[in-house]
Every structure is written in C-alpha cells, then in structure tokens.
Amino acid sequence: MESIFQSADILLPDFKKTDGTRWAVVACDQYTSDAGYWKTAENFVGDAPSTLRLMLPEIYLGKDDATRIEKIHAEMKTALQTVLQRHSDCMIYLERRLEGGKVRRGLIGKIDLETYDYNKGSTSLIRATEGTVLERIPPRVAVRRGAPLEMPHVLLLIDDPERTVIEPLSGKTAEKLYDFDLMAGGGHVCGYALSKDEQEKAVRALAALSTPEVMKKKYGSADLAPLLFAVGDGNHSLASAKAYYEEIKAKLGAAALSHPARYALCEVNNLHDDDLEFEPIYRVVFGADPKDLTDSFRAAVSKLTGAAKPQSVTVLCGKEEETIQIPSPEKQLPVGTVQAFLDEYLASHPGVRVDYIHGTDAVRRLVAENDGNAGFLFAGMEKDQLFRTVMFDGALPRKTFSMGRAQDKRFYLECRKIEA
C-alpha cells in the first residue's frame, strides 16, 4: 500500500509573506465558457504571487498554446526560486469550508501512477469514473511536458463507510500550514501537516479498505478486482499525468521508475463524508438550430427500448423549455441518455459543439445569450451508486457528476516538483 499512496515533498509559499487568497485559484477546467470569471480573477490577483500564472485555464486552450505554456513554465521556475518552500515527507489533512457552512475533509499525498489505468475495462486500484476522451489528453500533456511543477486538482474518492481514514485526523494535528479565505465564493481552507504516526495510521486504514473480506461485505463478492480510489474529479488531468509518465518510461526505460513524474499529488475524500455532495453537470449546446435539436432529441428517446427506470430531461431554447419523458431508457442515468444522443447529433452536425456546465442558473444564462444555444437539465446521480457502478459496469459517461458547484471545486494551492 505504501507504493500506492505516500507522503510527498510538498511545496508551499510562506503565507506570512504571501496572500493565500490571491495565491490559490480554482482548477483550470472550471468556467470554460465564462471568460469574465478569469478576467475578474486576473484583476483580483494583480501582481501578487499566484497559481493563476502557473496554470492554463481551459477556456484558453487552443489559443496560442505554445506561447502561454512557455510563459507558465518560466513562471514556475521563478516561483521555485522566490516563493515556494519545501515541506519534506509531508501529508496534509485539510478542511475546506464551503459557502453555506459545509466542511469537506481531505488528505493530500502522492499516488503511484503505476497503479492507475484510465483505459476502458481497467481493473487497477485507481480507476477513472468517467469515459476518457483521448483527444483531450495531448493538449494537457503539453502543459505538463517540461513543467518543473505540478499542482493538484485531482480528487480521489474512497468508499469508507466506517470513516477510518480521514475523519480520525480531525482536531489531532498540530502544525498548521495554511488558513485563509478562497477567492470568488470558494469558501475557506485550512491545512495541517500530519505526524509520522498519523501518516502510518492513515496508510494502514487505506490498505484495509480493499481486502477480499471488505470487498465481499460491501459489494457481495470477494472475487472482484479491488477498487481503492475512484477519481471523483480531474479524470483527464490524472490521465494526462499518466500519459506524460508513459512518455518518460518510453525514453528512460527502467530508470523512469525513480523519476518524480511517476507520482501525482492528489487529494483524497471519503465518499461518505456527509458534507460531500454530488451535483449534476448539465449540457449546453452551441451553434445548433434549437428546434431541430429538440425535435431530434424527442424522436431519438421515443425509440429507446431499454429496461432502465423512466427518466425526464428538460430542454431549454431561448425563453422556451420543454420537459421530455423517456419511458424506456437504455442508460441507467439521464446524463447517459443525453450524452449518447449528443454524441450522435454532434457527429452529424459540423460546427455544433457542447460544453459541460455547473448550475442551472449558468445554463439558463448561456441559453439566453444566443438563439443558437440550447440547454439540457436532468436529475443527478446519487453518490452511493458510484463505486458499485464503476466496479460492475465500468466508467460512467463523461462529465456525469461534479463534487459540488464550480466555486466548490479544488483550488490550486500545493505544488510538487516533477522534474528529475
């Protein structure tokens, strides 16, 4: 187990000198259709040290990537020299207080990418929860390739109903590493360094989650390939870290096993944390004829003859909205039904594109901006369906769920060196 989840040399600013609220910035795969968010973030950060300069918001992907990436790598080197300090062999227990008062608890360390496989049919201890879109990986690898640093926004979930790994750490750690408000409604975050004894207890508790006895108790079979970590957020970012490590292995051979890029810094959350919520990720379609889109969707779902429970999906076009009933869906979740339709529709309608949006208000705003935009709203997945579905059926449709709203997503904060 120690080779799967370990302590790491974690790099942080001295928050007595660096403003944490300006340093920490939400994950790059948020607000992908909201340029205003990123402009506001730039104005707020100003010239203060910030992870905003160490990342490429995905809204800008495909727009002068080479120049942007070169600048990001230069900013990383500057941060290493002037801002970041090393905390050796560190694990961090963190508490993220969200707007509204809910507290999400996490454990930060590094995972071994040798124990992770994002490909369909994987039986690795760390698995993707959604289908990996292979064409999304190369542009993300380009950011990582040649970067001296990584910053985690990957959230890994454990199925720990007895709360044996993370919850016992609350209130027992002494060394506080950070404690500040997050920008733009992100809430508040505190991080504490674990003692060696606390680290060892956490690792032992993790190992106990995937024994044959526990697998039989939780899932009814001791013969299933054990699943320890399900990727709750950042599926494609972790897949990109794996792809980059495979590039290094192809060049270095066995020497790559000691390369720092073999590992990736991640935050672990317990699926059974009462304050951890799943939110649906809705779809907004751009550049379509809304009437044709709606008619096509209605016709497609009326022909389905599956055995899944009936579903309903609301389609928004301008000021109009229609809730369409699906009596015999083939997919278990409404998001699967919508995504299967959109995959076919986009393939036959060049120029039409889809984005994945958090929050009904954001969907309605985007739909209202242009007559060629349309939105799909539907019920989300219950979180207790996740592990069993991944183990028995494989990865879910991409962008099935979100762990909270966009502003609740992980903020870049900690760093780790990935250069040899």
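Where is the place of D89? D89 belongs to strand β4, which covers residues 84-90. Strands here are DSSP runs of E with at least two residues, helices are runs of H or I with at least four residues, and both are numbered from the N terminus. The model is a predicted one, in which local features need pLDDT of at least 70, side-chain atom pairs count only at pLDDT 80 or more, and totals for chains, interfaces and linings use all residues. Residues are numbered from 1 along each chain as its sequence is written, and side-chain values use heavy atoms, with hydrogens and water left out.

D89 is not a glycine, yet its phi is positive, at about 45 degrees. Its relative accessible area is 43%, so D89 is partly exposed.

S7 sits in the loop between β1 (5-6) and β2 (8-13). With 16% relative accessibility, S7 counts as buried. Contact means heavy atoms within 4.5 Å. N370 lies 363 residues from S7 along the chain, and their C-alpha atoms are separated by 49 Å.

The structure holds 14 aromatic pairs. The rings of Y31 and Y37 form a stacked pair, because their centres are 3.8 Å apart and their planes meet at 10 degrees. Rings of Phe, Tyr and Trp (its six-membered ring) pair if their centres lie within 6.5 Å; planes under 30 degrees apart count as stacked, over 60 as edge-to-face and the rest as tilted. Y31 counts as buried at 18% relative accessibility, and Y37 counts as buried at 12%. Y31 lies in the loop between β3 (25-26) and α2 (35-45). Its phi is positive, near 50 degrees, in a residue other than glycine. Elsewhere, ring pairs link F297, F341, Y345 and F376 into a cluster.

F278 lies in the loop between β14 (263-270) and β15 (279-286). Its relative accessible area is 12%, so F278 is buried. Neighbours within four places in sequence aside, F278 is in contact with L157, L271, M381, E382, K383, L386, F401, S402 and M403. F401 is 123 residues from F278 along the chain, but their C-alpha atoms are separated by 6.1 Å.

E322 is placed in strand β17 (residues 320-326). At 30% relative accessibility, E322 counts as partly exposed. Its contacts, leaving aside neighbours within four places in sequence, are T294, R298, V313, T314 and V315. E322 and T294 are 28 residues apart in sequence and 8.7 Å apart in space, C-alpha to C-alpha.

Two helices complete the account. Helix α6 (residues 212-219) packs against helix α11 (residues 386-393) at an angle of about 105 degrees, with their axes 11 Å apart. Axes are lines fitted to C-alpha atoms, for helices over the stretch in contact, and angles run from 0 to 180 degrees between N-to-C directions. The two helices, α6 and α11, are therefore roughly perpendicular to each other. Angles under 35 degrees count as roughly parallel, over 145 as roughly antiparallel, 65 to 115 as roughly perpendicular and the rest as oblique. On the α6 side, M215, K218 and Y219 meet F387, R388, M391 and F392 of α11.

Conventions:
Buried < 20%, exposed > 50% of the residue type's maximum accessible area, 1.4 Å probe, protein only.
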